[in-house]
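Please read this briefing with the sequence and the coordinates side by side.

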Amino acid sequence: DPPKPIIMEEDWEYIDPLQAELDKQEQLEDKVKIFNDNNVFIRNTQRYYCMEGQWVGCSAASFRELHGNMPKVEIEGGKSQNWVTWWIENHRNDYQKLDFYPYNINHRPDQTPPTVFNTFTQFKRSGEEGKVTKLIELFETLVFNLAEGNKDCARYLRNYVAHLIQRPWELPETVIGLYGNGGTGKDTFVQTISRLIDDNDYVKTTGQQSQGLGRFNSMLDSCLFCDFNEGEGKDAVEGLAKLKNNSTAKTLPIERKGVDVVAVRHYCRYCVKSNNPSFCIVEEDDRRMFVVLATRYLAHNWSICPEDCSWKGDKPGSMKKGEKGSQWFFGQYYELLNDEEAVNGLFSYLDNLDLSSFNVRKFPKGKAYQENQAKNYKPCIPWLREFISRPIESTCDFRIVNLRNTKQRVLFCPKDALFSEFNSWCMAKNIQNKSCDSEPKFTRELKLVDTELVTN
């Protein structure tokens, strides 16, 4: 016999048993979908991962304990089964591996392989909402002053942020170095990026380089922008090699305490900020460090704007000379930075910038870059190569001695004559000679060179 309809005594509502079963099944499917969105099993590590602000791995026992309060599921025969057991046997959401494949749906769709679970989630801001506000002009002003008041450097720094939004899957292989006095906007720049991305998993800030460059570096897992705040000379020397290596690494080994090392795809951009001009080292042939010195104009937020300090590039300036106010710049900047519609408008502006001719790996070398490089550049080495390749008659006073029982020759030169030759060479090539600006320094540097040069 067909099932009889159920009549509720209170309101006499007719309930179709078949429809009730379908509704119950639909509710269960919705519940499974939500659970699958937040829990996954990865085969190659034999671990479960749960979304708890970020993807956290756990063992099978820990996974069962974590979800032990889930209601049981009715199965055939009127029996019930533990939710986790039922989910694992029937609906487990499993993949071969866990990895990080960032994308921007406005510029490229998700290209994650079907056997890989992507830990990246699309940016919360779409780039199609919000409104044009003064925040865009203030951001241009901020970038211009952070970039030494140099239009080329400012354009690169602005496009660098736009590149992060439009092409998060491309590794720039460039480290941003910001230094200058307090109150010049370095922290504001990072906070702006944090508001644009609007996800604490993708933008990280730390005052200790060891947290990102040491053994336990889990903060870099699934990270798109990492800011090392207040870098000092010691940290710069110890961490510079790792920082540069990380900036070009396609994959990065991530180690957590008590967990095996896992290699993940790496798309993190790095920024180092400091009030100390010796916070980073720009080497002779450096192609990684984009270093700029912030102007002091924005630091005078307690007085009158000293001059038209906004970027007169693609957008007209908004901060005019003589404008008064207790916080003529940062006050209104942070007010707009807390406005969701204003931030959405800035995101849309950057998401729609034309980057077709922009190469994030080629940056302009401003004044700060050149000065920092000059402190670490040792021009005596290229000079020495050129000097020993000259014809004998064109060099300074010297004498050549043949080593006994060998075909090798030793060139003896007076130190003062060598130093004079070196200085003339530097002046001719317009090279700042800071590392060897005295005869003792020059001689000491030459002795470190791997060559048999003897001075008298």
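The largest pocket of this predicted model has a lining of 32 residues, and those nearest its centre are Tyr49, Trp55, Leu98, Asp221 and Arg256. A pocket here is an open set of points on a 1 Å grid over the protein atoms alone, with protein on both sides within 12 Å along at least five of seven lines, and lining residues have an atom within 4 Å of a point. The model is predicted, so local features need pLDDT of at least 70 and side-chain atom pairs count only at pLDDT 80 or more, while totals for chains, interfaces and linings use all residues. Residues are numbered from 1 along each chain as its sequence is written, and side-chain values use heavy atoms, with hydrogens and water left out.

**Largest pocket**

- Strands S4 (47-51), S5 (55-58), S9 (97-99) and S15 (262-265) are the elements that each give two or more residues to the lining of the largest pocket; strands (E, at least two residues) and helices (H or I, at least four) are DSSP runs, numbered from the N terminus.
- The space in this pocket comes to about 730 Å³, a volume being the space filled by probe spheres set on grid points that are joined across faces, edges and corners.
- Its lining divides into 13 nonpolar, 9 polar and 10 charged residues, where Ala, Val, Leu, Ile, Met, Phe, Trp, Tyr, Cys and Pro count as nonpolar, Asp, Glu, Lys and Arg as charged, and the others, Gly among them, as polar.

**Overall composition**

- The secondary structure of the protein comes to 14 helices and 20 strands.
- Of the 456 residues, 45% are buried, which means under 20% relative accessible area, with exposed being over 50% and partly exposed in between (1.4 Å probe, protein chains only).
- Among contacts (heavy atoms within 4.5 Å) between residues at least 6 apart in sequence, 66% join residues at least 24 apart.

**The sheet that holds S3, S4 and S5**

- Four strands make an open sheet of 4 strands in the order S5-S4-S3-S8, with mixed pairing; two strands pair if DSSP finds at least two bridges between them.
- The edge strands, each pairing on one side only, are S5 and S8 (94-95).
- Strand S3 (residues 39-42) pairs with S8 in the parallel sense over 2 bridges, and Ile42 stands opposite Tyr95 in S8.
- S3 and S4 run antiparallel and are joined by 4 bridges, with Phe41 standing opposite Tyr48 in S4.
- These two strands, S3 and S4, form a hairpin with 4 residues between them, and Gln46 in the turn has a positive phi of about 55°.
- From S3, Asn39 and Phe41 point one way and Val40 and Ile42 the other way, and all are buried.

**Strand S11 and its two partners**

- Strand S11 (residues 175-179) is mostly covered, since 5 of its 5 residues are buried.
- Val175, Gly177 and Tyr179 point one way from S11, whereas Ile176 and Leu178 point the other way.
- S11 runs parallel to strand S16 (residues 269-274), to which it is joined by 5 bridges, and it also runs parallel to strand S17 (residues 289-293), again with 5 bridges.
- Tyr179 has Ser274 as its bridge partner in S16 and stands opposite Leu293 in S17.

**Helix H4**

- The 13 residues of H4 (residues 134-146) should span 18 Å at 1.5 Å a residue, and the end C-alpha atoms are 18 Å apart, which agrees; the expected span is 1.5 Å times one less than the number of residues.
- H4 is mostly covered, with 11 of its 13 residues buried, including Leu135, Phe139 and Phe144.
- Its buried residues pack against helix H5 (151-166), helix H6 (186-197), S17, helix H9 (330-337) and helix H10 (340-351).

**Loop residues**

- Most residues other than glycine have a negative phi.
- Glu148, in the loop between H4 and H5, has a positive phi near 70° and counts as buried at 19% relative accessibility.
- Glu173, in the loop between H5 and S11, has a positive phi of about 60° and counts as buried at 13% relative accessibility.
- Asn200, in the loop between H6 and strand S12 (203-206), is exposed, with a relative accessible area of 62%.
- The C-alpha atoms of Asn200 and Gln54 are separated by 9.4 Å, although these residues are 146 residues apart along the chain.

Technical notes:
On a 1 Å grid over the protein atoms alone, a cavity is a set of points where a 1.4 Å probe fits but cannot get out, and a pocket is an open set with protein on both sides within 12 Å along at least five of seven lines; lining residues have an atom within 4 Å of a point.
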